Amino acid sequence: MSLERPQLDPTLLGPTPPFGTGWDRGGERLRLSAPPADAAPSRTGAVIFTLCCCFIAFVGGAYVVLDRLPPYGLLKDAYSAGTALYDKTVHYQEPLQTDLWADARSDQRGVTVADAGKAFPGFTLYSSGHESAAYLIDMNGRIVHEWRLPFSQVWDSSSVVEKPRPDSFVSFDKVHLFPNGDILAVYSGVGDTPWGLGLVKMTKDSKVVWKYLDRVHHDVEVGADGRIYTLTHRFRDQPIGSMPQLDTPMLEDSLVILSPDGQVEQKISLLDAMAASPYRKFLAALSDYGRQDPLHANAAKPIDATPANAPAAWQAGDVLLSFREASLIAVLDPRQGRFVWAARGPWLGQHDPSLLPNGHLLMFDNIGNTGPLGSSRVLEIDPADMAIAWEYDGAQGHPLESVLRSNVQRLPNGNSLITESDGGRLVEVTAQGEIAWEYMNPVRGGPADRRIPIVASGERFAADQVGWLTSQ
């Protein structure tokens with residue numbers, strides 16, 4: 001049987017409805033009002049009025065932002081918090097996505113170059129971004145000892161960090177090895193700001209000796225007298241009158257000097273010391289990021305003795321400091337809490353400056369290289385005139401490319417051991433720029449093992465400096 005829709009006889013509906021009327025689906029007649037004659041002009045006026053309101057709101061908002069009038073602070077903080085939460089949610093849920101890992105440049109792992117006739121023999125200590133551990137390897141890349149202590153086993157109620165990142169986001173940054181096999185380890189957690197988590201001294205068996213659970217970051221050094229020098233940072237809400245260009249809240253770096261047993265002897269706000277010095281002019285033109293992290297201190301090196309040709313203002317007991325955001329290197333007298341010297345030079349975003357016996361400064365220049373091989377280079381600088389006494393900017397097939405972190409050590413035979421963090425690489429080069437030894441972090445992760453963890457720090461020790469190994 002065929003079912004067809006019944007046809008409706010138009011005559012049953014009456015005459016065709018005039019304009020403005022119609023029929024609903026149930027057969028009821030509806031009256032539709034015809035548009036008034038002035039509808040178009042009225043609609044245009046509403047649009048113009050709305051646009052004017054938007055323009056006034058835009059101008060008012062711009063005035064509030066540019067002149068930083070209320071409620072600028074609340075709006076800025078809300079925006080910053082929102083973007084930070086978004087960034088953490090999107091980019092910091094998987095360790096392999098963070099800057100503790102980078103794209104591997106090759107499939108090579110372990111020792112890739114070993115020229116026994118040119119390399120300085122010994123053992124190399126390094127830390128890796130994939131875990132809270134440090135490794136001591138021989139010249140063949142064999143691990144002869146390791147220290148391993150997750151931060152979750154260190155954290156307690158004495159920490160200024162209420163809720164640290166999970167262990168998979170925490171690693172050792174700088175490590176310092178003592179003659180008996182004890183080490184100092186700086187813990188850093190990626191995905192939080194501030195990112196410093198603390199400093200721990202542990203035995204060669206990874207047992208805690210003491211811990212200092214402030215926001216320690218980047219560096220730890222031990223002076224000739226056994227005192228320990230490190231850096232902490234925290235958020236600061238109070239503006240600085242002599243530096244109105246800085247935004248609040250801002251990260252404030254401090255130099256901390258600890259006794260050999262981990263007790264705080266002195267803590268100096270580097271931001272206050274800079275604000276009180278004539279060198280604050282170096283912070284006059286910072287990036288948007290820099291206005292909230294104006295110093296970004298990344299090195300604190302005690303000056304145990306000053307070479308004869310070092311700048312006259314430098315004295316034994318001073319501290320050599322590095323500030324990434326202003327590409328500034330400075331010397332602080334901690335006894336008076338004031339800067340006695342500061343300079344910029346042919347470097348950019350540098351890390352790990354150290355004072356050589358000849359009075360020169362050796363550093364890793366992260367983004368100051370304009371050559372064809374990579375963005376980074378190693379510089380030896382004469383601080384008297386900022387002249388480059390020596391540099392190394394990589395070799396064909398072995399570029400230097402590390403925007404973050406990295407360090408360099410001058411070895412007793414004149415070679416330089418370079419930690420290229422983003423490359424996951426340690427490379428020893430001669431004074432002539434020849435590669436004497438190279439080691440690639442053997443750890444890999446991610447799809448097809450194309451991600452490599454950064455090497456956070458590296459240091460070479462002669463065999464007689466690690467005699468404790470024979471007692472194991």
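Colleague: Which residues point one way from strand 6, and which the other way?

Modeller: First, a word on the basis: this is a predicted model, in which local features need pLDDT of at least 70 and side-chain atom pairs count only at pLDDT 80 or more, while totals for chains, interfaces and linings use all residues. Residues are numbered from 1 along each chain as its sequence is written, and side-chain values use heavy atoms, with hydrogens and water left out. Strands (E, at least two residues) and helices (H or I, at least four) are DSSP runs numbered from the N terminus. Ala133, Tyr135 and Ile137 point one way from strand 6, and Ala134 and Leu136 point the other way. Buried means under 20% relative accessible area, exposed over 50%, and partly exposed in between, with a 1.4 Å probe and protein chains only. Five of the five residues of strand 6 (133-137) are buried.

Colleague: Over how many bridges does strand 6 pair with strand 5, and how many join it to strand 7?

Modeller: Two strands pair if DSSP finds at least two bridges between them. Strand 5 (residues 123-128) is antiparallel to strand 6 over four bridges, and a hairpin of four residues joins the two. Within that pairing, alanine 134 is the bridge partner of serine 127. On strand 7 (residues 143-148), five bridges are formed with strand 6, again antiparallel, and tyrosine 135 stands opposite glutamate 146. The hairpin between strands 6 and 7 has five residues, among them glycine 141, whose phi is positive at about 85°.

Colleague: Which residues have the most contacts inside the largest nonpolar core?

Modeller: A nonpolar core is a set of buried Ala, Val, Leu, Ile, Met, Phe, Trp, Tyr and Cys residues joined through side-chain atoms within 4.5 Å. The largest has 30 residues, and Leu270, Leu283, Leu321, Phe323 and Phe339 have the most contacts inside it. Elements that give two or more residues to this core include strand 13 (228-236), helix 3 (270-275) and strand 17 (319-323). Helix 3 gives the largest share, five residues.

Modeller: Rolling a probe the size of a water molecule over the atoms shows where empty space is left. On a 1 Å grid over the protein atoms alone, a cavity is a set of points where a 1.4 Å probe fits but cannot get out, and a pocket is an open set with protein on both sides within 12 Å along at least five of seven lines; lining residues have an atom within 4 Å of a point. The largest cavity has a volume of about 140 Å³. Its lining includes Asp173, Lys174, His218, Asp219 and Arg405, and divides into one nonpolar, six polar and five charged residues.

Colleague: Is proline 442 buried or partly exposed?

Modeller: Proline 442 counts as partly exposed because its relative accessibility is 32%. Proline 442 lies in the loop between strand 29 (435-440) and strand 30 (451-453). Not counting residues up to four places away in sequence, proline 442 touches Arg109, Gly110 and Tyr126.

Conventions:
Grid points are joined across faces, edges and corners, and a volume is the space filled by probe spheres set on the points. Ala, Val, Leu, Ile, Met, Phe, Trp, Tyr, Cys and Pro count as nonpolar, Asp, Glu, Lys and Arg as charged, and the others, Gly among them, as polar. Contact means heavy atoms within 4.5 Å.
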